[in-house]
Amino acid sequence: MAQRFRTETDSMGDIEVPSDALYGAQTQRAVNNFNISRLTLPFAFVRAVALIKYCAAEANAELGLLDNNKADAIMQAALEVFEGRWSNQFPVDVFQTGSGTSTNMNVNEVLATLAARHSGLEIHPNDDVNLGQSSNDVIPTAIQLSAARRIHRKLLPAIASLRTVIEQRAAELDHVVKTGRTHLMDAMPLTFGQELRTWSAQLEQAEQRLSDLLPQLRALPQGGTAIGTGINAHAQFAERFCESMSKFTEQPFTPATNKFAGIAGQDIAVATSGIMVSVATIMMKIANDLRWMNSGPLTGLGEITLQPLQPGSSIMPGKVNPVIPEAVAMACAQVMGNQTTITVAGQSGSFQLNVMLPVIAYNLLQSIELMWKSAETMANNCIADFQVNTEKLNQGLDRNPILVTALNPVIGYNNAAAIAKAAYQQNRPIIDVALEMTDLSQAELEALLSPLELSKGGLHQ
């Protein structure tokens, strides 16, 4: 059946719009103009813009600038969008006008249509829904708002859950000693608990960096309108807006100290992306450690066995691969690539406006989502249930010539090095060689070279 159209009119004239579309002329012009990628902004971003319209309508009504009936209708419409209805009404390509005006107007038009239906009133997308606002402060605010909400509600809980799983496994494996490695070569022993708690400590530091960042993300440029002066916005609009936002989200949002900076620059987005890269580097380290420890099962390290999740080869029967760590590593690589895009985009603040806002929003929200979902997947499908191969661990542990490091304070570095060299060449346990090359007794050597005791550190004499 042929699609039906209606005629809509804006300041540039008439244009045909699908008859069932809630949006109007400006959105349709954007759809026609920006047929570049078929990528649209994440719905989390659209929800943030809808929430901005909700709080703006409430603030403008309180300030006596917007009729209460209109405000109520706009707020009802904004809630419907925020709650996930009408998600098919936001078709604008990510690669659009750099201010994100097309997305702002898309939301304005959809809300105006819905609000008019609910109230029977004539509601204008610019004069009513966009009252006291500009795309130039709405879109930067939406970037910060959506990022802050996703970090607070999704990423931080996911990292905390991952840390909980890691700590639980660490407690289970505190008694299991393994060979440590530096440069991928045998080093001094440590326990599995110590190794896992390294990951947990790194993630804890990432949590702290994210928490420290949130107050900056919550300082919103909304109210700066076109360039930061606040033209056409009430003097108290920014404060009332943030009060409404804080009440709705139960997070402490405040007006930006300098709204010019929040509109002209995207420094906070670049900084947030940088922290996302730091999370990605931690996640990639964990993924790669797991891949190495799982390698084999016969000719690799074989220290652990990850739970088999799917066949690993279309030609080699019985092959099972570490698919979760591989998927997470690819997600981390994507986040690192997104940082380059966001950094370049962050440099595009020409005078009073950054003109790469949509691509910043797209990549930043993707990075946050990739890391929270990677953390959940790693915790639930990888770390929670891997099996430790203690027999394989013990095969190399006692024969590790690097244990001779513990004899340095007793016999000196050069003598210890000679013992290690002989143990390597003769492929013998270090304790047997040390018995022949020192005056130390079997009991003394067993005490000095105990892998479990060595994992506790300190001076052994």
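Tutor: This is a predicted model. Let us begin with the surroundings of one asparagine.

Student: Which residues does Asn294 touch, not counting residues up to four places away in sequence, and is Asn294 buried or exposed?

Tutor: Asn294 belongs to helix 10, which spans residues 267-294. Beyond its sequence neighbours up to four places away, Asn294 touches Ile304, Thr305, Leu306 and Pro322. Its relative accessible area is 15%, and the cut-off for burial is under 20%, so Asn294 is buried.

Student: Which residues are joined by a cis peptide bond, and what is omega there?

Tutor: Most peptide bonds are trans. The proline concerned, Pro297, is in the loop between helix 10 and strand 7 (304-305). The cis bond joins Gly296 and Pro297, with omega at about 10 degrees.

Student: In which loop is Gln266, and which residues is Gln266 in contact with, leaving aside neighbours within four places in sequence?

Tutor: Gln266 sits in the loop between helix 9 (259-264) and helix 10. With a relative accessible area of 1%, Gln266 is buried. Its contacts, apart from neighbours within four places in sequence, are Pro140, Ile143, Gly346, Asn354, Leu357 and Ile360.

Student: How do the axes of helix 6 and helix 12 run, roughly parallel or roughly antiparallel?

Tutor: The axes of helix 6 and helix 12 (residues 357-383) come within 9 Å and cross at roughly 15 degrees. Because angles under 35 degrees count as roughly parallel, helix 6 is roughly parallel to helix 12. As for handedness, helix 6 passes helix 12 in a crossing that is left-handed.

Student: What separates the C-alpha atoms of Ala160 and Glu204?

Tutor: Ala160 is part of helix 6 (residues 135-172). Its relative accessibility is 31%, so Ala160 counts as partly exposed. Ala160 and Glu204 are 44 residues apart along the chain, and their C-alpha atoms are separated by 8.0 Å.

Student: How many disulfides does a search of the whole structure find, and how far from Cys55 is the nearest cysteine sulfur?

Tutor: The search of the whole structure finds 0 disulfides. Cys55 is in no disulfide, and the nearest cysteine sulfur belongs to Cys242. Cys55 counts as buried because its relative accessibility is 0%, and Cys242 counts as buried at 1%.

Student: How do strand 1 and strand 2 pair, and what is the bridge partner of Thr9?

Tutor: Strand 1 (residues 5-10) and strand 2 (residues 13-18) pair in the antiparallel sense over 6 bridges. The two strands form a hairpin, with 2 residues between them. In strand 2, the bridge partner of Thr9 is Asp14.

Student: Which residues are buried in helix 1, and what covers them?

Tutor: In helix 1 (residues 25-33), the buried residues include Ala25, Thr27, Gln28, Arg29 and Ala30. Their cover includes strand 1, strand 2 and helix 4 (101-119).

Note on methods
Residues numbered from 1 in each chain as written. Predicted model: local features only at pLDDT ≥ 70, side-chain atom pairs only at ≥ 80, totals over all residues. Heavy atoms only, no water. Pairing = 2+ DSSP bridges. Buried < 20%, exposed > 50% of the residue type's maximum accessible area, 1.4 Å probe, protein only. Contact = heavy atoms within 4.5 Å. Disulfide = S-S within 2.5 Å. Axes fitted to C-alpha atoms, helices over the stretch in contact; angles between N-to-C directions. Parallel < 35°, antiparallel > 145°, perpendicular 65-115°, else oblique. Left-handed = near helix turned anticlockwise from the far one by under 90°.
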